[in-house]
Amino acid sequence: MPHISISDLSVTFNIYGANSRSLKKQLVSTATGGRVVSGANDAVAIRALNNINLEIKDGERIGLVGHNGSGKSTLLRTLAGIYKPTRGKIEISGTIGALLDPNAGMEPDATGIENIFLRGYVLGMSDAQIRANIDEIADFTELGNFLDLPLRTYSAGMFARLAFAISTTIRPQILLMDEGIGAGDEAFKEKMKIRLSSFVGEANILILASHDQSLMDQFCDRRIH
C-alpha cells in the first residue's frame, strides 16, 4: 500500500564564495525569513527544509502552500530523489511519478514525435511504453502534421498541448506535482482540465505544490503550510 514517512528531514544548500557579498546576503536573508546563514569556508548555507516530520497515507491528496522560497518545490524534489537530505530519513512505498517541470527533456530542434520520446524518457517511461501511448498522445494534442516539425516552429499553446499530453501519460501510485502542468492554452483549457482530473484521480497519493487556490480546492483534501 503506497505510503510516505518523513522523519526529521532537513535539506541545506551551501553556496560557496557568497560571504563577500554582504549587502546581497543581508537582502536575501531578509527576503527568505532569515533562513540564510553563514557557513564555513566562505560559504552561505541555505536551510531549504528544517526538521520536517510528515506521514502521508494511501488515498491522501496533499496541497503544499506557502510563499516563494518556503520549500515547497524542494520537498517535492527531495521526495523524487533529485535532492539528498542533509539530515533525517524518508521512507516511501509505491512507485513515484514527478511532474516538476512540464518542459524538462523537450528539445526545440527535435520534432514533436521525437520529443514524445525524449520527454517520456525523462518521466521514466520505457521505449515500449512510449510507443504504446504515442497514438493516444498525438490524438489528444490535435497537432496533426505539426508533430513532424521541429518544436521551435510551435506556438506557445501548441508546445503546452504536447508537453501536457506526454506528462499525463504516466500512471504512478504517488504523484508529485508542481504548479503549471496544465497552463498555457486557453483554447484547449477544458479538454486539459478533464484529462488532468482523470490523471490525478488515478494516483493513490497526490502531493501538489501550488499558489492556485482553485487547483487546491479541486484536488486536495489536506493542506500543509
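At what angle do helix α3 (residues 112-122) and helix α4 (residues 127-141) pack, and how far apart are their axes?

**View 1. The packing of helix α3 against helix α4.** In this predicted model, α3 (residues 112-122) and α4 (residues 127-141) pack at an angle of about 130°, and their axes lie 10 Å apart. The two helices are therefore oblique to each other, and α3 passes α4 in a right-handed crossing. From α3, the residues Ile 113, Ile 116, Phe 117, Gly 120 and Tyr 121 take part, and they meet Asp 127, Ile 130, Arg 131, Ile 134 and Ile 137 in α4. Sorted by class, the residues of this contact divide into 7 nonpolar, 1 polar and 2 charged.

View 2. The chain holds 7 helices and 9 strands, and an open sheet of 5 strands runs in the order β6-β7-β8-β4-β9, with parallel pairing. Strands β6 (96-99) and β9 (222-224) stand at the edges and have a single partner strand each, so one side of each is left without a neighbour in the sheet. On average, and with direction ignored, neighbouring strands of this sheet are turned by 15° against each other. Helix α6 packs on the sheet, where it touches β4, β6, β7 and β8, and the direction of α6 makes about 140° with that of β7.

View 3. Strand β8 (residues 205-209) is mostly covered, with 5 of its 5 residues buried. Its side chains are divided between two directions: Ile 205, Ile 207 and Ala 209 point one way, whereas Leu 206 and Leu 208 point the other way, and all of them are buried. Strand β7 (residues 174-178) pairs with β8 in the parallel sense over 5 bridges, and within this pairing Ile 174 stands opposite Ile 205, while Leu 176 stands opposite Ile 207. Strand β4 (residues 61-64) also pairs with β8 in the parallel sense, over 4 bridges. Here the bridge partner of Arg 61 is Leu 206 of β8, and that of Gly 63 is Leu 208 of β8.

View 4. Strands β6 and β7 pair in the parallel sense over 4 bridges, and Gly 97 stands opposite Leu 175 of β7. For the chain as a whole, 42% of the 225 residues count as buried.

**View 5. Helix α5 alongside helix α6.** The axes of α5 (residues 156-167) and α6 (residues 189-201) come within 11 Å and cross at roughly 20°. These two helices are therefore roughly parallel to each other, and their crossing is left-handed. The contact is made by Ala 160, Phe 164, Ala 165 and Ser 167 on the side of α5, and by Met 192, Arg 195, Leu 196 and Phe 199 on the side of α6. By class, this contact of α5 with α6 has 6 nonpolar, 1 polar and 1 charged residues.

**View 6. Helix α4 against helix α6.** Helices α4 and α6 pack at an angle of about 145°, with their axes 11 Å apart. Glu 136, Asp 139 and Phe 140 of α4 make this contact together with Lys 191, Met 192 and Arg 195 of α6, and the residues involved divide into 2 nonpolar, no polar and 4 charged. Met 192 and Arg 195 of α6 are also listed in the contact with α5. Across the chain, residues 24 or more positions apart account for 73% of the contacts with a separation of 6 or more.

Terms used
Residues are numbered from 1 along each chain as its sequence is written. This is a predicted model: local features need pLDDT of at least 70, side-chain atom pairs count only at pLDDT 80 or more; totals for chains, interfaces and linings use all residues. Side-chain values use heavy atoms; hydrogens and water are left out. Axes are lines fitted to C-alpha atoms, for helices over the stretch in contact, and angles run from 0 to 180 degrees between N-to-C directions. Angles under 35 degrees count as roughly parallel, over 145 as roughly antiparallel, 65 to 115 as roughly perpendicular and the rest as oblique. A crossing is left-handed if the near helix is turned anticlockwise from the far one by less than a right angle, and right-handed if clockwise. Contact means heavy atoms within 4.5 Å. Ala, Val, Leu, Ile, Met, Phe, Trp, Tyr, Cys and Pro count as nonpolar, Asp, Glu, Lys and Arg as charged, and the others, Gly among them, as polar. Buried means under 20% relative accessible area, exposed over 50%, partly exposed in between (1.4 Å probe, protein chains only). Two strands pair if DSSP finds at least two bridges between them.
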